[in-house]
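Trainee: I would like to learn how to read charged pairs and nonpolar cores in a model. Can we go through one together?

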Amino acid sequence: MSSTRYSILALALATLFSASSAISFYIWKKNLIEWDSKMKELQKSLNSALEKCAAERQGRIRAQQALRKAVVAQPQAKSENLDIPSYPMAPIGIVQSCFSTRNGTPRQPLLVPLARACLVFDSTRVPPASLEGLEEYSHCWIIYVFHLNTDLEKLWKHPSKSKFKAKVRVPRLKGGRLGVFATRSPHRPCPIGLTVAKVEAVQGNMLLLSGVDLVDGTPVLDIKPYLPYCDSIEGAVVPNWVMLDSMLSVASVGFSNDFSSSLLDCWKSVEKKSLYSSPDELKSLVKQALSWDIRSVSQRNRPHNNLLKIGSGDASDNASDLDDSQDGEASGELIYHLILDGMDFSYKIDGNGNVMVKEVHISSAISFGNEKRCNFLMWKDKLK
(Lines give C-alpha, C1' and ligand atoms only; values in the text may rest on other atoms or scores of the structure.)
Protein backbone atom coordinates (compact mmCIF):
# COMPACT_ATOMS: atom_id res chain seq x y z
CA MET A 1 0.00 0.00 0.00
CA SER A 2 2.79 2.37 0.95
CA SER A 3 4.64 1.46 -2.24
CA THR A 4 1.57 2.23 -4.34
CA ARG A 5 1.22 5.67 -2.74
CA TYR A 6 4.83 6.48 -3.47
CA SER A 7 4.38 5.38 -7.07
CA ILE A 8 1.28 7.52 -7.48
CA LEU A 9 3.07 10.49 -5.88
CA ALA A 10 6.11 10.03 -8.11
CA LEU A 11 3.87 9.79 -11.17
CA ALA A 12 2.02 12.94 -10.13
CA LEU A 13 5.27 14.81 -9.59
CA ALA A 14 6.61 13.65 -12.95
CA THR A 15 3.39 14.71 -14.68
CA LEU A 16 3.52 18.07 -12.94
CA PHE A 17 7.17 18.57 -13.88
CA SER A 18 6.46 17.58 -17.47
CA ALA A 19 3.52 19.99 -17.66
CA SER A 20 5.61 22.72 -16.09
CA SER A 21 8.41 22.12 -18.59
CA ALA A 22 5.96 22.19 -21.47
CA ILE A 23 4.47 25.46 -20.25
CA SER A 24 7.94 26.98 -19.76
CA PHE A 25 8.99 25.89 -23.24
CA TYR A 26 5.79 27.33 -24.72
CA ILE A 27 6.33 30.66 -22.94
CA TRP A 28 10.00 30.73 -23.99
CA LYS A 29 9.12 29.97 -27.61
CA LYS A 30 6.37 32.60 -27.63
CA ASN A 31 8.75 35.22 -26.19
CA LEU A 32 11.39 34.25 -28.73
CA ILE A 33 8.95 34.71 -31.60
CA GLU A 34 7.87 38.08 -30.20
CA TRP A 35 11.49 39.22 -29.74
CA ASP A 36 12.36 38.08 -33.25
CA SER A 37 9.36 39.95 -34.64
CA LYS A 38 10.31 43.11 -32.75
CA MET A 39 13.93 42.84 -33.94
CA LYS A 40 12.78 42.52 -37.54
CA GLU A 41 10.51 45.53 -37.15
CA LEU A 42 13.34 47.59 -35.63
CA GLN A 43 15.76 46.44 -38.35
CA LYS A 44 13.21 47.32 -41.04
CA SER A 45 12.60 50.73 -39.49
CA LEU A 46 16.32 51.43 -39.19
CA ASN A 47 17.01 50.33 -42.77
CA SER A 48 14.18 52.57 -43.96
CA ALA A 49 15.66 55.53 -42.09
CA LEU A 50 19.13 54.89 -43.52
CA GLU A 51 17.78 54.52 -47.06
CA LYS A 52 15.90 57.78 -46.65
CA CYS A 53 19.08 59.44 -45.35
CA ALA A 54 21.06 58.07 -48.30
CA ALA A 55 18.40 59.26 -50.76
CA GLU A 56 18.43 62.73 -49.21
CA ARG A 57 22.21 62.86 -49.52
CA GLN A 58 21.98 61.78 -53.16
CA GLY A 59 19.58 64.64 -53.73
CA ARG A 60 21.93 67.13 -52.06
CA ILE A 61 24.87 65.90 -54.16
CA ARG A 62 22.87 66.29 -57.38
CA ALA A 63 21.73 69.76 -56.33
CA GLN A 64 25.33 70.73 -55.54
CA GLN A 65 26.48 69.42 -58.92
CA ALA A 66 23.79 71.42 -60.72
CA LEU A 67 24.68 74.53 -58.73
CA ARG A 68 28.36 74.04 -59.48
CA LYS A 69 27.65 73.87 -63.21
CA ALA A 70 25.48 77.00 -62.99
CA VAL A 71 28.20 78.88 -61.10
CA VAL A 72 30.84 77.96 -63.66
CA ALA A 73 28.54 78.90 -66.54
CA GLN A 74 27.73 82.38 -65.17
CA PRO A 75 30.92 83.91 -63.75
CA GLN A 76 29.61 87.44 -64.03
CA ALA A 77 27.05 86.84 -61.28
CA LYS A 78 29.47 85.47 -58.70
CA SER A 79 31.39 88.20 -57.00
CA GLU A 80 28.68 89.96 -54.95
CA ASN A 81 30.31 93.28 -55.93
CA LEU A 82 33.45 92.53 -53.91
CA ASP A 83 36.24 95.02 -54.54
CA ILE A 84 38.77 92.29 -55.34
CA PRO A 85 41.23 92.52 -58.24
CA SER A 86 40.80 89.84 -60.90
CA TYR A 87 43.50 88.26 -63.02
CA PRO A 88 43.46 86.85 -66.58
CA MET A 89 43.49 83.17 -65.69
CA ALA A 90 41.55 80.37 -67.36
CA PRO A 91 42.26 76.65 -67.85
CA ILE A 92 44.85 75.94 -70.52
CA GLY A 93 43.93 72.26 -70.76
CA ILE A 94 41.82 69.41 -69.43
CA VAL A 95 43.02 66.13 -67.92
CA GLN A 96 41.69 62.86 -69.31
CA SER A 97 42.47 60.38 -66.57
CA CYS A 98 42.03 56.70 -65.73
CA PHE A 99 40.27 57.88 -62.54
CA SER A 100 36.67 58.44 -63.56
CA THR A 101 35.57 59.73 -60.14
CA ARG A 102 37.10 61.37 -57.09
CA ASN A 103 36.63 58.19 -55.06
CA GLY A 104 39.73 56.07 -55.66
CA THR A 105 41.85 58.90 -57.01
CA PRO A 106 45.10 58.82 -54.97
CA ARG A 107 45.43 61.45 -52.25
CA GLN A 108 49.00 62.25 -53.35
CA PRO A 109 51.00 61.96 -56.59
CA LEU A 110 53.24 59.03 -57.59
CA LEU A 111 51.63 56.65 -55.06
CA VAL A 112 50.14 54.71 -57.98
CA PRO A 113 52.84 54.53 -60.68
CA LEU A 114 50.45 52.92 -63.20
CA ALA A 115 47.91 55.76 -62.91
CA ARG A 116 47.83 57.31 -66.39
CA ALA A 117 46.38 60.45 -67.89
CA CYS A 118 46.49 62.59 -70.99
CA LEU A 119 46.59 66.37 -70.61
CA VAL A 120 44.95 67.91 -73.67
CA PHE A 121 45.81 71.59 -74.12
CA ASP A 122 43.47 74.18 -75.59
CA SER A 123 45.20 74.88 -78.91
CA THR A 124 43.67 78.39 -79.06
CA ARG A 125 45.52 79.29 -75.84
CA VAL A 126 48.51 76.95 -75.97
CA PRO A 127 50.20 76.46 -79.37
CA PRO A 128 52.04 73.12 -79.72
CA ALA A 129 55.33 75.03 -79.82
CA SER A 130 54.76 75.87 -76.13
CA LEU A 131 55.53 72.24 -75.27
CA GLU A 132 58.83 71.99 -77.13
CA GLY A 133 61.58 70.80 -74.81
CA LEU A 134 59.25 69.49 -72.10
CA GLU A 135 59.91 65.89 -73.16
CA GLU A 136 63.51 66.27 -71.96
CA TYR A 137 62.31 66.41 -68.34
CA SER A 138 61.31 63.29 -66.41
CA HIS A 139 58.65 65.04 -64.30
CA CYS A 140 56.58 68.22 -64.28
CA TRP A 141 54.54 70.25 -61.81
CA ILE A 142 50.84 70.69 -62.58
CA ILE A 143 48.73 73.52 -61.16
CA TYR A 144 45.03 72.75 -61.40
CA VAL A 145 41.54 73.52 -60.09
CA PHE A 146 39.61 71.37 -57.61
CA HIS A 147 36.61 71.56 -59.93
CA LEU A 148 34.57 68.84 -58.17
CA ASN A 149 34.41 70.61 -54.80
CA THR A 150 30.78 70.79 -53.73
CA ASP A 151 31.22 74.15 -52.00
CA LEU A 152 32.59 76.26 -54.86
CA GLU A 153 29.59 78.60 -54.84
CA LYS A 154 30.46 79.70 -51.28
CA LEU A 155 33.77 81.12 -52.43
CA TRP A 156 32.02 83.83 -54.45
CA LYS A 157 30.29 85.20 -51.38
CA HIS A 158 31.56 87.87 -49.02
CA PRO A 159 33.99 86.35 -46.47
CA SER A 160 31.48 87.07 -43.69
CA LYS A 161 28.92 84.88 -45.49
CA SER A 162 31.07 82.20 -47.05
CA LYS A 163 31.29 80.07 -43.88
CA PHE A 164 34.84 79.12 -44.82
CA LYS A 165 36.19 76.37 -42.55
CA ALA A 166 39.58 77.26 -41.15
CA LYS A 167 40.14 73.67 -39.98
CA VAL A 168 39.64 70.45 -41.91
CA ARG A 169 39.63 66.74 -41.07
CA VAL A 170 42.91 64.94 -41.78
CA PRO A 171 42.70 61.25 -42.83
CA ARG A 172 46.08 60.40 -41.27
CA LEU A 173 44.87 61.83 -37.96
CA LYS A 174 41.75 59.63 -38.03
CA GLY A 175 39.57 62.67 -38.62
CA GLY A 176 41.45 65.02 -36.30
CA ARG A 177 41.33 68.66 -37.40
CA LEU A 178 44.16 70.95 -38.49
CA GLY A 179 44.38 74.37 -40.08
CA VAL A 180 43.64 74.07 -43.80
CA PHE A 181 47.03 75.54 -44.76
CA ALA A 182 48.79 72.80 -42.77
CA THR A 183 47.11 70.21 -45.02
CA ARG A 184 46.58 69.46 -48.70
CA SER A 185 42.81 69.49 -48.41
CA PRO A 186 40.98 70.44 -51.65
CA HIS A 187 38.64 72.69 -49.67
CA ARG A 188 40.61 75.94 -49.62
CA PRO A 189 39.90 79.68 -49.97
CA CYS A 190 41.29 79.38 -53.51
CA PRO A 191 40.56 75.83 -54.74
CA ILE A 192 43.90 75.37 -56.49
CA GLY A 193 45.91 72.16 -56.38
CA LEU A 194 49.58 71.41 -57.00
CA THR A 195 50.84 67.98 -58.05
CA VAL A 196 53.76 66.35 -59.81
CA ALA A 197 53.63 63.65 -62.48
CA LYS A 198 55.99 61.69 -64.67
CA VAL A 199 56.29 62.93 -68.25
CA GLU A 200 55.85 59.96 -70.57
CA ALA A 201 55.59 61.70 -73.93
CA VAL A 202 54.64 64.93 -75.69
CA GLN A 203 52.62 64.64 -78.89
CA GLY A 204 51.23 67.76 -80.55
CA ASN A 205 49.02 69.54 -78.03
CA MET A 206 48.89 66.52 -75.70
CA LEU A 207 51.02 65.50 -72.76
CA LEU A 208 51.03 61.87 -71.60
CA LEU A 209 51.53 61.47 -67.85
CA SER A 210 51.80 58.69 -65.26
CA GLY A 211 51.72 58.52 -61.48
CA VAL A 212 48.88 61.04 -61.49
CA ASP A 213 46.46 61.87 -58.67
CA LEU A 214 44.07 63.80 -60.93
CA VAL A 215 40.45 62.92 -61.61
CA ASP A 216 39.09 62.89 -65.15
CA GLY A 217 38.04 66.36 -66.36
CA THR A 218 40.41 68.34 -64.09
CA PRO A 219 41.07 71.86 -65.47
CA VAL A 220 44.78 72.73 -65.60
CA LEU A 221 46.04 76.29 -65.10
CA ASP A 222 49.76 75.79 -65.69
CA ILE A 223 52.60 73.28 -65.89
CA LYS A 224 56.25 73.74 -65.00
CA PRO A 225 59.24 71.39 -65.31
CA TYR A 226 60.41 69.66 -62.15
CA LEU A 227 63.94 70.79 -61.20
CA PRO A 228 65.64 68.46 -58.68
CA TYR A 229 68.36 70.96 -57.70
CA CYS A 230 65.82 73.42 -56.27
CA ASP A 231 62.53 71.51 -55.98
CA SER A 232 63.98 68.71 -53.83
CA ILE A 233 64.90 70.15 -50.44
CA GLU A 234 67.43 68.14 -48.47
CA GLY A 235 66.70 68.05 -44.74
CA ALA A 236 63.11 69.27 -45.07
CA VAL A 237 61.11 68.73 -41.86
CA VAL A 238 57.48 67.60 -41.59
CA PRO A 239 55.23 66.72 -38.62
CA ASN A 240 55.42 63.14 -37.36
CA TRP A 241 51.84 62.35 -38.43
CA VAL A 242 52.77 62.96 -42.07
CA MET A 243 55.26 60.08 -41.92
CA LEU A 244 52.72 57.54 -40.63
CA ASP A 245 52.13 55.74 -43.92
CA SER A 246 50.62 52.76 -42.06
CA MET A 247 47.62 54.93 -41.18
CA LEU A 248 46.39 54.76 -44.78
CA SER A 249 47.98 51.57 -46.09
CA VAL A 250 46.11 48.26 -46.16
CA ALA A 251 47.34 44.86 -45.01
CA SER A 252 46.79 43.01 -48.30
CA VAL A 253 44.95 43.15 -51.61
CA GLY A 254 43.48 39.92 -52.97
CA PHE A 255 41.14 38.93 -55.79
CA SER A 256 38.19 36.54 -55.76
CA ASN A 257 38.09 33.37 -57.85
CA ASP A 258 35.56 34.99 -60.19
CA PHE A 259 37.49 38.22 -60.69
CA SER A 260 39.69 37.14 -63.62
CA SER A 261 36.76 35.85 -65.67
CA SER A 262 34.69 39.01 -65.06
CA LEU A 263 37.71 41.17 -66.00
CA LEU A 264 38.20 39.25 -69.24
CA ASP A 265 34.53 39.75 -70.11
CA CYS A 266 34.85 43.52 -69.55
CA TRP A 267 38.15 43.71 -71.39
CA LYS A 268 36.44 42.66 -74.63
CA SER A 269 34.33 45.84 -74.46
CA VAL A 270 37.00 48.33 -73.33
CA GLU A 271 40.18 47.03 -74.97
CA LYS A 272 40.16 49.58 -77.78
CA LYS A 273 39.42 52.46 -75.40
CA SER A 274 41.60 51.49 -72.46
CA LEU A 275 44.75 53.28 -71.33
CA TYR A 276 46.22 49.86 -70.62
CA SER A 277 47.66 47.11 -72.80
CA SER A 278 46.23 44.00 -71.11
CA PRO A 279 43.90 42.75 -68.36
CA ASP A 280 46.95 41.87 -66.26
CA GLU A 281 48.16 45.47 -66.39
CA LEU A 282 44.71 46.67 -65.33
CA LYS A 283 44.76 44.20 -62.45
CA SER A 284 48.11 45.63 -61.34
CA LEU A 285 46.61 49.12 -61.46
CA VAL A 286 43.72 48.04 -59.23
CA LYS A 287 46.14 46.46 -56.76
CA GLN A 288 48.25 49.63 -56.63
CA ALA A 289 45.21 51.88 -56.20
CA LEU A 290 43.72 49.75 -53.40
CA SER A 291 47.04 49.34 -51.58
CA TRP A 292 46.04 52.61 -49.91
CA ASP A 293 42.80 52.90 -47.97
CA ILE A 294 40.76 55.18 -50.23
CA ARG A 295 37.73 55.28 -47.94
CA SER A 296 36.64 58.44 -46.14
CA VAL A 297 37.25 58.86 -42.41
CA SER A 298 33.61 58.13 -41.59
CA GLN A 299 33.69 54.95 -43.69
CA ARG A 300 36.82 53.68 -41.93
CA ASN A 301 35.27 54.38 -38.52
CA ARG A 302 32.09 52.48 -39.36
CA PRO A 303 31.90 48.91 -37.96
CA HIS A 304 32.90 46.27 -40.53
CA ASN A 305 30.26 43.77 -39.40
CA ASN A 306 27.54 46.26 -40.17
CA LEU A 307 24.21 44.50 -40.69
CA LEU A 308 22.53 47.55 -42.17
CA LYS A 309 21.83 47.73 -45.84
CA ILE A 310 22.80 51.10 -47.26
CA GLY A 311 21.39 52.29 -50.54
CA SER A 312 23.71 51.76 -53.47
CA GLY A 313 24.58 54.24 -56.15
CA ASP A 314 27.12 55.15 -58.73
CA ALA A 315 30.38 56.50 -57.38
CA SER A 316 30.16 59.69 -59.40
CA ASP A 317 31.09 62.15 -56.72
CA ASN A 318 32.80 60.65 -53.71
CA ALA A 319 31.98 62.50 -50.54
CA SER A 320 32.00 61.73 -46.87
CA ASP A 321 29.30 59.95 -44.90
CA LEU A 322 26.72 57.91 -46.82
CA ASP A 323 28.38 58.41 -50.16
CA ASP A 324 28.12 56.82 -53.58
CA SER A 325 31.26 54.73 -53.22
CA GLN A 326 29.57 52.06 -51.12
CA ASP A 327 26.46 49.94 -50.98
CA GLY A 328 25.21 46.86 -49.17
CA GLU A 329 24.31 43.29 -49.85
CA ALA A 330 21.76 40.98 -48.34
CA SER A 331 24.55 39.41 -46.29
CA GLY A 332 25.05 42.74 -44.55
CA GLU A 333 28.67 43.29 -45.66
CA LEU A 334 29.67 46.67 -47.00
CA ILE A 335 30.72 46.69 -50.63
CA TYR A 336 32.80 49.57 -51.96
CA HIS A 337 33.37 50.62 -55.56
CA LEU A 338 36.41 51.82 -57.46
CA ILE A 339 35.78 53.28 -60.93
CA LEU A 340 38.86 52.92 -63.13
CA ASP A 341 39.28 53.22 -66.88
CA GLY A 342 35.52 53.03 -67.40
CA MET A 343 35.07 49.92 -65.25
CA ASP A 344 33.44 49.45 -61.84
CA PHE A 345 35.51 47.29 -59.48
CA SER A 346 33.61 46.15 -56.37
CA TYR A 347 35.57 45.23 -53.25
CA LYS A 348 35.27 44.76 -49.51
CA ILE A 349 37.72 45.37 -46.68
CA ASP A 350 37.72 43.64 -43.30
CA GLY A 351 38.58 45.00 -39.87
CA ASN A 352 42.22 43.96 -40.27
CA GLY A 353 42.71 45.95 -43.46
CA ASN A 354 42.56 43.02 -45.91
CA VAL A 355 41.02 44.02 -49.24
CA MET A 356 39.19 41.51 -51.43
CA VAL A 357 38.29 42.60 -54.96
CA LYS A 358 35.14 40.67 -55.86
CA GLU A 359 34.24 41.45 -59.47
CA VAL A 360 34.21 44.06 -62.20
CA HIS A 361 31.66 45.29 -64.72
CA ILE A 362 31.36 48.14 -67.19
CA SER A 363 30.43 51.38 -65.45
CA SER A 364 27.09 52.63 -66.74
CA ALA A 365 28.04 56.24 -65.94
CA ILE A 366 31.18 56.38 -68.06
CA SER A 367 31.22 56.99 -71.80
CA PHE A 368 34.05 57.63 -74.21
CA GLY A 369 33.89 60.13 -77.03
CA ASN A 370 35.85 59.92 -80.26
CA GLU A 371 38.32 62.58 -79.11
CA LYS A 372 39.07 60.69 -75.92
CA ARG A 373 39.47 57.45 -77.80
CA CYS A 374 42.14 59.07 -79.99
CA ASN A 375 44.07 60.01 -76.87
CA PHE A 376 43.79 56.44 -75.61
CA LEU A 377 45.18 55.22 -78.92
CA MET A 378 48.17 57.51 -78.38
CA TRP A 379 48.87 55.55 -75.22
CA LYS A 380 48.48 52.32 -77.14
CA ASP A 381 51.13 53.47 -79.63
CA LYS A 382 53.49 54.35 -76.79
CA LEU A 383 52.96 51.01 -75.03
CA LYS A 384 53.87 48.96 -78.13
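Trainee: Is D222 buried, partly exposed or exposed?

Mentor: Some ground rules come before the answer. This is a predicted model, where local features need pLDDT of at least 70, side-chain atom pairs count only at pLDDT 80 or more, and totals for chains, interfaces and linings use all residues. Residues are numbered from 1 along each chain as its sequence is written, and side-chain values use heavy atoms, with hydrogens and water left out. Buried means under 20% relative accessible area, exposed over 50%, and partly exposed in between (1.4 Å probe, protein chains only). D222 has a relative accessible area of 26%, so D222 is partly exposed.

Trainee: Which residue does D222 meet in a salt bridge?

Mentor: Side chains of opposite charge can pair when their charged atoms come close. A salt bridge puts a side-chain nitrogen of Lys or Arg within 4 Å of a carboxyl oxygen of Asp or Glu. Here D222 meets K224 (2.9 Å, N to O). K224 is partly exposed too, at 41% relative accessibility.

Trainee: How many salt bridges does the structure hold?

Mentor: Four. Among them is R295 with D293, at 2.8 Å, N to O. R295 has a relative accessible area of 4%, so it is buried. D293 is at 9% and therefore counts as buried.

Trainee: What about nonpolar cores?

Mentor: Nonpolar side chains tend to be buried together in soluble globular proteins. A nonpolar core is a set of buried Ala, Val, Leu, Ile, Met, Phe, Trp, Tyr and Cys residues joined through side-chain atoms within 4.5 Å. The largest here has 52 residues, and L290 is one of those with the most contacts inside it.
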